[in-house]
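I opened a new notebook page for this structure. Below are my entries, in the order I looked things up.

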Amino acid sequence: MSFLFIPFRIIGYVIHKFVRELGRMTCFLAASFFWMVFPPYLPRRIVRRINFIGVKTTVVILLTGTFTGMVLALQTYHALAKFGAESSLGPVVALSLIRELGPVISALMVTGCAGSALTAEIGIMRISEQIDALDAMALNPYKYLIVPSLLAGLISLPLLNAIFVTVGIFGGYAVGVGLMDISKGTYFGGIQDFVGARDILEGLYKSLSFGLLITWISSYKGYFTGYGAEGVSKATTQAVVLSSVVILVWDYFMTSILVA
Amino acid sequence: MIEVIDLYKSFSHQEVLQGINLRVEEGQILALIGGSGKGKSVLLKLIIGLIKPDKGKILIDDQDISKLRRRSLKQLKERLGIVFQGGALFDFLTVFENIAFPLREKTRMKASQIRDIVLAELARVGLSGSENKYPAEISGGMKKRVALARCLVMKPEIVLFDEPTTGLDPLIGKAIHNLIRECQRNLNFTAIIVTHDIPAIFPMVDRVAMLYNGKIRAAGTPGEIENTKDPVIHQFIHGELEGPISIT
């Protein structure tokens with residue numbers, strides 16, 4: 001008779017594990033916000049983290065942004081040409097980048113470049129007892145490691161997103177104006193007419209939330225890493241996979257709220 | 001003074017400590033010996049408040065560290081220091097920055113004052129001239145000395161050493177022992193040294209305690225421990241394969 005309960009046991013186990021992990025992650029975030037409020041505020045560590053998360057990802061953002069804009073213009077131009085609406089290329093490229101592709105792709109790039117590095121760094125600090133050393137010195141590890149990372153994520157992602165969108169629009173311009181013979185005025189004039197502050201705010205909200213999600217998940221996975229090199233490598237993979245999935249899922253829900 | 005009373009700690013159903021009782025008087029050095037993976041480092045982490053016990057008391061000058069609130073625990077931790085097994089140096093900071101770190105973060109000293117203290121501390125541990133190197137660029141023995149300097153820079157009253165000579169050759173090991181003893185004489189801190197360096201550690205400590213099966217099997221002066229009739233301790237300190245301790 002007991003074998004009938006096996007599926008329920010498995011479902012129960014999975015749900016229990018999921019809820020427990022979510023609870024731990026929420027407590028971790030709550031503790032980080034708690035320590036964010038109290039001094040010392042460690043601005044130098046925040047700047048170092050912005051360098052770690054933001055500056056080191058800039059080249060990748062420049063490259064991916066440019067080529068995303070270029071390929072978007074190329075694909076869109078041929079689709080628009082079927083309806084004789086090639087003049088709409090500028091606003092279509094700009095709106096796609098500002099509202100959707102910019103925040104999402106830049107967040108995925110940051111996850112791959114900085115999120116994984118953040119997990120590995122904190123994970124190595126954990127297994128080499130550097131976090132214990134901070135704690136033993138009566139210095140709060142949340143204050144020194146996690147809070148600067150979260151703040152750096154919140155500051156860096158919108159800026160990286162802005163860079164991504166800007167170079168993407170110019171990438172689209174290079175294809176549309178340089179290869180497809182659309183006039184400069186049509187490309188930029190369309191953008192001026194159709195892109196509003198609301199679209200830019202939508203992209204900003206998304207990149208802010210992605211910044212928080214990436215640094216939260218990456219820091220959490222590093223802070224509670226398993227033992228040894230295998231533990232750190234597993235934590236890094238989990239951080240990248242989970243961050244990427246959560247970015248896409250959260251993007252859907254944010255879009256549905258913001259569009260409504 | 002450190003007093004551990006009836007202390008229990010387990011991890012995922014594995015009972016590591018099962019009723020530890022231990023006392024270290026002020027200014028004494030105690031060597032804690034025992035098999036690998038039997039809970040010696042866990043005991044140190046419990047004493048310094050990095051982990052909480054399941055049951056029992058850890059009294060430091062009559063304050064139970066496991067029951068202290070955050071602020072009081074922070075104040076108490078400022079009187080303690082620990083030298084971790086691998087040094088636990090911050091790998092993104094130079095030797096100088098590692099030693100200066102607690103001074104910069106916890107005091108309002110001027111940069112020039114910090115510099116003087118750090119250089120003096122480096123000279124004390126015999127590492128003058130290495131201040132600009134990163135932890136990855138120095139040897140294991142040097143890392144332990146830097147870790148010792150970082151610990152002592154805040155003048156702690158109690159210092160815990162987690163295997164300070166593991167992985168070092170006998171000469172450097174002896175030099176580290178002498179350095180610990182010399183620093184202890186100068187600063188008069190109370191110390192617990194977790195070590196496998198038997199019997200080399202015996203001349204430099206005041207007492208020895210052996211952890212076995214989650215309990216303190218015996219504690220006494222080095223002479224008492226060396227001459228004990230207890231077959232477990234005898235087998236362990238003489239490194240004999242035959243005896244009551246099974247090697248798994």
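I began with the rule for sheets: two strands pair if DSSP finds at least two bridges between them. Helices (H or I, at least four residues) and strands (E, at least two) are DSSP runs, numbered from the N terminus.

Ground rules next. This is a predicted model, in which local features need pLDDT of at least 70 and side-chain atom pairs count only at pLDDT 80 or more, while totals for chains, interfaces and linings use all residues. Residues are numbered from 1 along each chain as its sequence is written, chains are lettered from A and ligands numbered from 1 in the order in which they are written, and side-chain values use heavy atoms, with hydrogens and water left out.

**Entry 1: the six-stranded sheet of chain B**

I traced an open sheet of 6 strands in chain B, in the order β6-β7-β8-β3-β9-β10, with mixed pairing. β6 and β10 (215-220) of chain B stand at the edges with a single partner strand each, so one side of each has no neighbour in the sheet. From one strand to the next, the twist averages 20°. (Axes are lines fitted to C-alpha atoms, for helices over the stretch in contact; angles run from 0 to 180 degrees between N-to-C directions.)

Inside this sheet I looked up β3 (residues 29-34) and β9 (residues 207-212) of chain B. They run parallel and are joined by 5 bridges. B:Leu30 stands opposite B:Arg207 in β9(B). Helix α5 (residues 140-152) of chain B packs on the sheet and touches β6 and β7 (158-162) of chain B. Its direction makes about 175° with that of β6(B). Contact here means heavy atoms within 4.5 Å.

**Entry 2: the four-stranded sheet of chain B**

I found an open sheet of 4 strands, ordered β2-β1-β4-β5 (chain B), with antiparallel pairing. Which strands are at its edges? They are β2 (14-24) and β5 (63-64) of chain B, each pairing on one side only.

β1(B) and β2(B) run antiparallel, with 8 bridges between them. B:Ile2 stands opposite B:Val24 in β2(B). The two strands form a hairpin with 2 residues between them, and B:Ser12 in the turn has a positive phi of about 40°. At β5(B), 2 bridges come from β4 (residues 55-60) of chain B. B:Ile60 has B:Gln63 as its bridge partner there. Helix α1 (residues 40-47) of chain B lies across β1 (2-11), β2 and β4 of chain B, at about 120° to β1(B).

**Entry 3: chain A**

I counted 9 helices and 0 strands in chain A. Its C-alpha atoms fill a box of roughly 65 × 60 × 35 Å along the principal axes.

I then checked salt bridges (a side-chain nitrogen of Lys or Arg within 4 Å of a carboxyl oxygen of Asp or Glu). In one, A:Arg99 pairs with A:Asp199, the closest N and O atoms being 2.9 Å apart. A:Arg99 lies in α4 (residues 89-127) of chain A and A:Asp199 in α8 (residues 197-223) of chain A, so the pair ties together parts that are 100 residues apart in sequence.

**Entry 4: where the chains meet**

The contact takes 23 residues from chain B and 18 residues from chain A. A:Asp135 forms a salt bridge with B:Lys77, with the closest N and O atoms 2.8 Å apart. α2 (70-77), β6 (80-83) and α3 (95-106) of chain B each supply at least two residues of the side of chain B that touches chain A. α3(B) gives the most to that side, with 4 residues.
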